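We will go from the whole chain to a single pair of residues.

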Amino acid sequence: MTATATRSWWGWGTTDRALPDDECVALAGLIPGLPERPRAVPEVRDLILAPSRVVPPAALPVTTDPDVRAAHTFGKAYRDVVRALDGDLRGAPDAVALPHSETDVVDLLDWAAGAGVVVVPFGGGSSVVGGVEYRGDRPWVSLDLTTLGQVLEIDRTSRAARIQAGTLGPALEAQLRPHDLTLRHFPQSFEFSTLGGWLATRAGGHYATLHTHIDDLVESMRVVTPAGVSESWRLPGSGAGPSPDRLFLGSEGTLGVITEAWMRLQDRPRFKASASVTFPEMTAAIDAVRAIAQAALHPANCRLLDPGEAALSGASGGEAVLVLGVESAAVPVGSRLAELADLARAHGGTVAVADGSRDAAADAWRSTFLRMPYVRDGMARMSAIVETFETACTWDRVAELYSAVRSQVGAAVREVTGAEGHVNCRFTHVYPDGAAPYFTVIAAGRPGSEVAMWDDVKTAASEVLGRLGATITHHHAVGRDHRPGYDRQRPEPFALALRAAKAALDPAGILNPGVLVDEVPVR
């Protein structure tokens, strides 16, 4: 993000990259039944926010500025964007905390516990599952750690760094670059999400194989809880009981506030190559991706686009497309790309580029990948439903899952909207034992009913995933939107342990209530 760019309070990214009205209209022309003009984006100054119900101590870095409160009301899911466009800020935080040190975080939690004020960690605000809002009745404060955005220490010998949790992706990489190091974690939200948010949600990066989840990159963590500060030892590995880091990874701010972490780094890649492969149909493409995932060649990118997704991104005109990429900091990668291409050919694929030179299909997909959230927002202004959900399952169920979701969610779209929609898919991550399909739904909504319509479609999608034993989320986290699916997925003894941990670490029940476990009534 440039120094002059302004974050959008209502939608994705920065205001300068939002779609202009004419482009919104042009895109909406692809879906019959939408309005002729986009709805206007409301100005915060024209909206009514309820008066703040909190009076924090003057020593705490807390603001009740209306613009700041509005920008911290929601995450960036489709339903969040629509509610913001509707000017519905009834759930706005009473205040926003912007701590300058870990001591500020400790003091904030101490005050909040005594005052009965809910604290919801915000990260970079890019949650798409209702993870950064509060839907209860108590006063609440949004905790924004982006003022804590420094790489504090680098251990070049061990190739690790101690990094503050509020560090946004670009700032993190900029501070590592002079040392020729990288965290190598690039989620789609990279520009607008923080290290602490990645850790709290067990984020998945852009890379498709090997170290895909942030979990794999953690050496140790420091977490502030109402019961005290937890700091694990820096170790390459340990068999000493359950991992303390695993307790807080994926805890989504409900057990504590991650303030810093030692992260495993890698040397910056020097050698890169890519290729694209087309397949006439998805069955052969899925078989090819499974063979590649099980060949231990570890491509950095192994992104399979079904025909609909490939057409949407301009990568093909009716075929499935596999985008392959390899990289290394140590050795040339041309031979590894050639091996991957040979595997794809053996399963009926046609390799467009096999020498690692620029590939048009790969470039088209990358461009669409980065721009798609802005397109989603522009279409939302036209009352279109444009949203995604992702999952993962083992290879023995992947083909069935792909077919069932497209068929049954497509039927749900027809029932809810009264018209045909699009259900496209891409595989974002692949493992030797399974894959992570990521689905995009595009359909015509009715002005004023968009959120309810999407909720109905999402409910149908979640039911399909649960019935086929696929996870409710591969990397988007649980939040509040995925709670029903998460409750179904987790074992009950683990749920008991999680509730007990919540009660022990957060006895006043102030940390992100309703995420992962039910909010417990507090006197």
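Start with everything selected. Of the 523 residues of the protein chain, 56% are buried (under 20% relative accessible area, with a 1.4 Å probe and protein chains only; exposed is over 50%, partly exposed in between). This is a predicted model: local features need pLDDT of at least 70, side-chain atom pairs count only at pLDDT 80 or more, and totals for chains, interfaces and linings use all residues. Residues are numbered from 1 along each chain as its sequence is written, and side-chain values use heavy atoms, without hydrogens and water.

Next, show C-alpha atoms alone. They fill a box of roughly 65 × 60 × 50 Å along the principal axes.

Switch to cartoon. The protein chain has 15 helices and 19 strands. These are DSSP runs, numbered from the N terminus: helices are H or I with at least four residues, strands are E with at least two.

In what order do its four strands lie? The order is S1-S2-S4-S3, in an open sheet with mixed pairing. Strands pair if DSSP finds at least two bridges between them. Select S1 (62-63) and S3 (118-121): these stand at the edges with a single partner strand each, so one side of each has no neighbour in the sheet.

Last stop: pick valine 118, whose bridge partner in S4 is tryptophan 140.
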